[in-house]
Amino acid sequence: MARVRMILSAMKFLKSTLALCAISAAAFIASTALAQRVEVTLPAGAPQHGHLIVVFSKDGSSDPRMQMDEQYRSAQGFGVDVALDEAASQTSSTAKTLVVDAKTFGYPRRSLADLDAGDYFVQAVFNVYEQFHPASGPAVWLPPDKGEGQHWNLKPGNPLSKPLKVHFDAKAGTVVKLALESTIPEIKGTPKDPEVIAQHAPEAKWLKYMRFRSEKLSKFWGRDVYLGAWVLLPDGFDEHPQAHYPLVVWQDHFSAGMKPAFTATAPASGANDRTASGYHFFQDWTHGRVPRVIMLYVQNANPYYDDSYVVDSANVGPYGSAINDELIPAVEAKYRGLGAGWARATAGGSTGGWEALATQIFYPDKYNGAYGACPDPVDFHAYQNIDLYKDTNAFVRKGDFGAVPIAADREPDGSVLANTGDEFAFEVVLGTRGRSTEQWMIWQAVFSPQGADGYPAPVLDPITGVIDKSVVQYWHDHYDLTAILKRDWPTLGPRLEGKLHIAVGDGDTYFLNNAVHLLQKQLDATSAPHSDAQFQYGPGMPHCYTGGPAEYTMQQNNANWPQRIIPQMTDHMIKTAPAGADVKSWVY
């Protein structure tokens, strides 16, 4: 009998619990229905394929679209994919209403229902996609670069709304209505157009601009693809027509103008560091205080990012071949380059740091020196703060009872600015299927094989963080620089002697120093030959540390980095030049 009473009691408890659950579910549905919506009108005739981004901000000092980033202080964003039928035209004859509601994925907070009641500035931008027909797979919809360096909030032709101040309350039933009534203007013909800059720059005697059509990239993408090239000619170029020059390739993110900065205009009081360093570089370059070389900076923005990483990629295309086999020979032929591997060197920081090292490793005989500062992950055991080989999840590490989120950005003192899970959420808001045009997704686009749908195969789930080890293996075999050096050292080692120079701050903002230490550990273990790669670490220094004399600050060393390393490059070239090589015509 006691057993029967226990069963009856349990049945009554279960019944009451189910009733409470039903009430709770009804309350949740009601709150979702009442949660404010944002309705965005895309006008008739506007492009209809793309990605809608709606941004909420508390700060009215600038457009909300300019206030989203990967760190915890970011404005709030929501993202929605928009597409007509694949067979339909790019535009529609009727207006289209796009909706953001409680189900729409957001960052930093995941739902519109999670926002606090209060006053906000709200703005919408529609990042327009175009259909590409790459030779290697199915058609894909991607955001083309329009000369702005692949930034959704600055891209010419993208429709956007005016910032609107609203009172938002997730429990209210009102609707926020925005209209994409303006369009970001074109860059062509403006002061931000490289061809305009080249025509009017006071530095035009030395600074030239080329717009180069790549046959390899055009074939890959199924449309004409151009590389932009800023060419900085040495002092005395016109006065020494018989001279031929070494080439220094400077690797960096997209810039409308030359990188490193090169300006004949003296900085005004209070000018930023880049303007001041650009003026000092100009003075040194034009007064014979820097060895006479040609310096090349390549603009290689693409549908996935502002930079290609200058390697051949299944998704981004053959940028390594295009730049090294097509563009560089054309530049050297036009501007009297020596046109030989012993007379080329490369340098860059961050993305450019990885590119400089990868260029030297993947093209060991085409370059005679690589200077990589604060490079992107050179060992995927330290993919920022993720160990792609040992971790099973990129967002959290779990013990038997506890768990800790994986940090992504930090201050040099260790204070965490962002975790990996939030950074991936940020990128999902900006674009699904690897189309965020931000950092994590360009690594995926460059390093991954092409997926069955034509987009980059995900190395990890951007919502859950679960790592796909089969994709990691592809990354390991093709782009893990430490693994490649270990695997191929018998053939690579002799061809890299005296060529590798790496600097990084040990307080790097993105934990990039961890991978550099692993790279050094591997190179220290080499033999036949033993690696002579040079490493410099800046104690407590953040991202963008470039090395240099310890008696100067990081900012002072960064300001004259080209002047510091170009003499090292040319000294090494002269010492290692083959018999009969021209080591005199350019030394005057």
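The numbered points below take up the pockets, a helix and the cavities in turn.

1. The model is predicted, and the points that follow should be read with that in mind.

2. The largest pocket has a volume of about 1,300 Å³. Its lining is made up of 46 residues. Those that lie nearest the centre of this pocket are Asp252, His253, Lys259, Ser350 and Cys544.

3. Two or more residues each come from α4 (273-286), α7 (420-430), α8 (439-447), α12 (554-559) and α13 (561-576). Of the elements, α4 gives the most to the lining of the largest pocket, with 5 residues.

4. Sorted by class, the lining of the largest pocket holds 19 nonpolar, 16 polar and 11 charged residues.

5. α4 has 14 residues. From the first C-alpha to the last, α4 reaches 20 Å, close to the 20 Å expected at 1.5 Å a residue. Just after α4, Gly288 takes a positive phi of about 75 degrees.

6. Which residues of α4 are buried? They are Ser277, Gly278, Tyr279, Phe281, Phe282, Asp284, Trp285 and Thr286. The cover over these buried residues includes β14, β16 (294-299), α12 and α13. Two of these elements, α12 and α13, also give residues to the lining of the largest pocket.

7. The second largest pocket has a volume of about 750 Å³ and is lined by 28 residues. Asp145, Lys146, Gly147, Arg211 and Tyr226 lie nearest the centre of this pocket. The elements that give two or more residues to its lining are β7 (130-132), α2 (194-200), β13 (207-213) and β14 (226-232).

8. In the second largest pocket, β14 gives the most to the lining, with 3 residues. β14 is also among the elements that cover the buried residues of α4. By class, the lining of the second largest pocket has 13 nonpolar, 5 polar and 10 charged residues.

9. How many cavities of 30 Å³ or more does a search of the whole structure find? The search finds 3. The largest cavity has a volume of about 40 Å³.

10. Pro134, Val140, Phe220, Trp221, Tyr304, Ala314, Asn315, Gln450 and Gly454 line the largest cavity. By class, this lining has 6 nonpolar and 3 polar residues, and no charged residues.

Note on methods
Residues numbered from 1 in each chain as written. Predicted model: local features only at pLDDT ≥ 70, side-chain atom pairs only at ≥ 80, totals over all residues. Heavy atoms only, no water. 1 Å grid on protein atoms, 1.4 Å probe; cavity = no way out; pocket = protein on both sides within 12 Å on 5 of 7 lines; lining within 4 Å. Points joined across faces, edges and corners; volume = space filled by probe spheres on them. Helix = DSSP H or I, 4+ residues; strand = E, 2+ residues; numbered from the N terminus. Nonpolar A, V, L, I, M, F, W, Y, C, P; charged D, E, K, R; others polar. Expected span 1.5 Å × (residues − 1). Buried < 20%, exposed > 50% of the residue type's maximum accessible area, 1.4 Å probe, protein only. Contact = heavy atoms within 4.5 Å.
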